[in-house]
Every structure is written in C-alpha cells, then in structure tokens.
Amino acid sequence: PIPCVPWQSQTSGHNNTNIRHVHRRHKTEGLVPMADMLNHKRPRQTKWTYVQARRGFVITSLRSINRNLEVFDSYGRKCNSRFFINYGFVPEVNEDNEAIVVFKMDAKDPTLQIKQNLLAGIRPWNIEASGSSRNADGTLTRPKSFQIPIQYDDLNNKVKEAISYIRFLVATDEEVRHLAKDNRFRVTHVPPVSARNEMHALQLLAEAARTALNRFPESLAHDEKLLEDFERYPKFSNARNILLMRRGEKSCSFALHQLGRNMRSVVESVQKRKKVPN
C-alpha cells in the first residue's frame with residue numbers, strides 16, 4: 001500500500017547502492033545484501049558495478065588482499081554527522097569533518113548598497129538612479145551559514161564558496177566596481193582581489209570560526225579527555241558516537257580559526273616586506 005512506501009524508503013535507504021548499469025548506460029539503485037556487509041575504510045580497497053554480461057553486481061579489488069583478511073569498501077568522504085545518520089557509526093578519525101560558520105555584513109557598512117545592487121543585477125554605476133526598492137531585502141545583513149570542511153579543495157567546493165562570499169563582504173567600493181566589470185560575476189566565485197581584501201577575509205573567517213567554537217559549553221580539550229575513557233565511552237556506543245561528532249565539529253572550527261589567523265599573518269608579513277626598501 002502507498003502509505004508503506006515512505007517507511008520502506010527510510011528503512012532501506014541507508015542500504016541502497018547506487019549502480020551504474022554498464023549495458024544501458026544509466027544509474028539506478030538496488031539492494032545488494034552481501035555488498036552491504038563490507039565495512040568502511042579509506043582509501044577504498046574495492047570498486048563495484050552491475051555487469052550485464054554476468055547479470056549481476058560485481059565487486060573488484062583494487063589491491064592485493066591476503067587470504068583471511070577482511071575486505072573493506074569506502075562509504076565515501078563525509079562529515080561524521082552524515083556517517084552517524086546514514087550508517088549508524090562514526091569514524092574515530094575523519095579528515096572530512098565540517099563546521100558551521102556564519103557571516104553577515106554590518107547594516108551601516110558604506111559599501112552595503114553597492115553590493116546589494118550588484119547581487120540584484122543592478123550595475124554599480126547606476127546606483128544613484130536605482131534607489132533601494134529592489135535591494136531592501138537585506139540579504140547581506142542577514143546571517144548566512146556555511147557548513148565547510150578544512151580542505152580548500154573539497155569535492156563540493158564548499159570552502160571556496162565560503163571564502164568567495166567573505167571576500168565579497170569585505171570588498172571596498174573600488175573592488176566591488178572592479179568585480180562588477182565581469183559579466184559572469186557570481187558571489188560564489190570571487191577570486192583573490194587584493195592583499196588588503198585577503199587579510200580582511202581571513203580575519204573574518206577566523207572570527208566566525210572562533211564564534212562557532214564559543215557556542216559549545218565545553219572546550220575541544222574537554223572532549224579529547226572524555227574520549228580517552230573507553231569504559232565510559234566504549235567504541236561504537238551511541239555515547240561515543242555523539243562525542244566524536246561533537247569533537248569533529250570543534251576540531252574543524254579550531255582548524256579554520258588557526259588557518260584564518262595564521263594565513264592573515266603570512267599575507268600581512270609579505271606585504272610589509274614589499275614596502276621595505278632594498
């Protein structure tokens with residue numbers, strides 16, 4: 001019956017396997033019970049697909065695996081929260097954890113009007129004639145959150161889009177007008193603008209990451225200490241999974257804070273050296 005469909009989808013969703021049908025050249029989903037028994041490990045040891053000639057699902061090893069050793073598969077690069085929700089476990093070590101950082105402009109910023117106009121499709125040089133009716137929604141002054149990992153080259157470009165956005169937020173009037181000359185301008189694809197802009201963007205990133213850390217009542221060190229207690233937080237227990245997720249977000253926020261602060265110092269140091277005469 002129809003009411004059972006959502007329930008069946010939810011209960012079997014985490015076991016669904018995306019399959020590329022080689023013969024018909026399209027993707028579909030299927031339940032493959034034996035493949036579902038493979039545990040997660042990175043880097044992946046196997047690859048799999050549906051092979052028409054064998055009329056079945058085929059798992060192929062990508063490396064030599066000795067007899068009596070466990071065969072692993074990779075469930076992909078994901079944040080700990082995704083692992084917990086989709087698979088019911090959390091890796092002890094995960095380089096793809098993410099943190100939520102929030103950015104917004106000050107409503108009194110003198111460049112707010114020109115930036116709002118650019119986002120609304122109004123050219124900056126028509127700013128006096130445009131008025132404020134088309135950009136009164138205050139998009140830039142509302143908090144905008146990004147859930148990002150620490151790798152700049154992440155597969156979904158989350159970090160690049162966040163850095164691009166804050167470059168735009170801290171751009172001067174002159175820098176915005178320069179960006180607007182590109183008809184392909186997108187706020188998620190703003191390249192480095194200037195040393196001044198980059199330093200301010202990195203400072204804003206560091207501040208947002210520190211704010212994210214401060215939202216937690218306990219410190220990162222506190223969670224690290226708790227995870228040393230395997231009696232109270234045994235492996236694969238829900239208590240440990242929750243703690244690992246929280247530690248993962250904190251460690252990512254801490255890394256982003258350090259990145260923003262340290263890279264700002266590097267850019268500032270380089271700029272100072274350029275101003276020193278030989």
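User: Why does lysine 27 count as exposed?

Analyst: Lysine 27 has a relative accessibility of 60%. Exposed means over 50% relative accessible area, buried means under 20%, and partly exposed is in between (1.4 Å probe, protein chains only). So at 60% lysine 27 goes in the exposed class. Before we go on: this is a predicted model, where local features need pLDDT of at least 70, side-chain atom pairs count only at pLDDT 80 or more, and totals for chains, interfaces and linings use all residues. Numbering runs from 1 along each chain as its sequence is written, and side-chain values use heavy atoms, with hydrogens and water left out.

User: And what makes threonine 49 partly exposed?

Analyst: Its value is 22% relative accessibility, so threonine 49 counts as partly exposed. Threonine 49 sits in strand 4 (residues 46-51), while lysine 27 belongs to strand 2 (residues 26-31). Strands here are DSSP runs of E with at least two residues, helices are runs of H or I with at least four, and both are numbered from the N terminus. By that count the protein chain has 9 helices and 8 strands.

User: How do you know that the buried residues of helix 6 are on the same side?

Analyst: The buried residues of helix 6 (residues 173-180) are Glu175, Val176, Leu179 and Ala180. They cover an arc of only 140° around the axis, so they end up on the same side of helix 6. The arc is taken from the directions from the helix axis to the C-beta atoms. Over on the other side, Glu174 and His178 are exposed.

User: What do the buried residues of helix 6 pack against?

Analyst: Helix 3 (112-119), helix 5 (158-169) and helix 7 (195-214). Contact means heavy atoms within 4.5 Å.

User: What makes the buried residues of helix 8 line one face?

Analyst: In helix 8 (residues 220-227) the buried set is Leu220, Asp223, Leu226 and Leu227. Seen down the axis, these residues fall within an arc of 120°, so they line one face of helix 8. Ala221 and Lys225 are exposed on the face turned away from that buried side.

User: Why is helix 3 called mostly covered?

Analyst: Simple count: 6 of its 8 residues are buried. Those are Leu112, Ile114, Lys115, Gln116, Asn117 and Leu118. Just after helix 3, glycine 121 takes a positive phi of about 90°.

User: How many cavities of 30 Å³ or more does the structure hold, and what makes something a cavity rather than a pocket?

Analyst: There is 1 cavity of 30 Å³ or more, with a volume of about 40 Å³ for the largest cavity. On a 1 Å grid over the protein atoms alone, a cavity is a set of points where a 1.4 Å probe fits but cannot get out; a pocket is an open set with protein on both sides within 12 Å along at least five of seven lines, and lining residues have an atom within 4 Å of a point. Points are joined across faces, edges and corners, and the volume is the space filled by probe spheres set on them. The lining of the largest cavity includes Phe103, Ile148, Leu205 and Leu256. Helix 5 gives the largest share, 3 residues.

User: Which classes make up the lining of the largest cavity, and that of the second largest pocket?

Analyst: The cavity lining has 8 nonpolar, no polar and no charged residues. The pocket, with about 260 Å³ of space, has 3 nonpolar, 2 polar and 7 charged. Ala, Val, Leu, Ile, Met, Phe, Trp, Tyr, Cys and Pro count as nonpolar, Asp, Glu, Lys and Arg as charged, and the others, Gly among them, as polar. So Arg77, Lys78 and Asp96, which are among the pocket's lining residues, count as charged.

User: Why does asparagine 68 count as exposed, and why is asparagine 157 called partly exposed?

Analyst: Asparagine 68 has 76% relative accessibility, so it counts as exposed. Asparagine 157 is at 34%, so that residue is partly exposed. Phi is positive in both places: near 70° for asparagine 68 and about 60° for asparagine 157. Most residues other than glycine have a negative phi.
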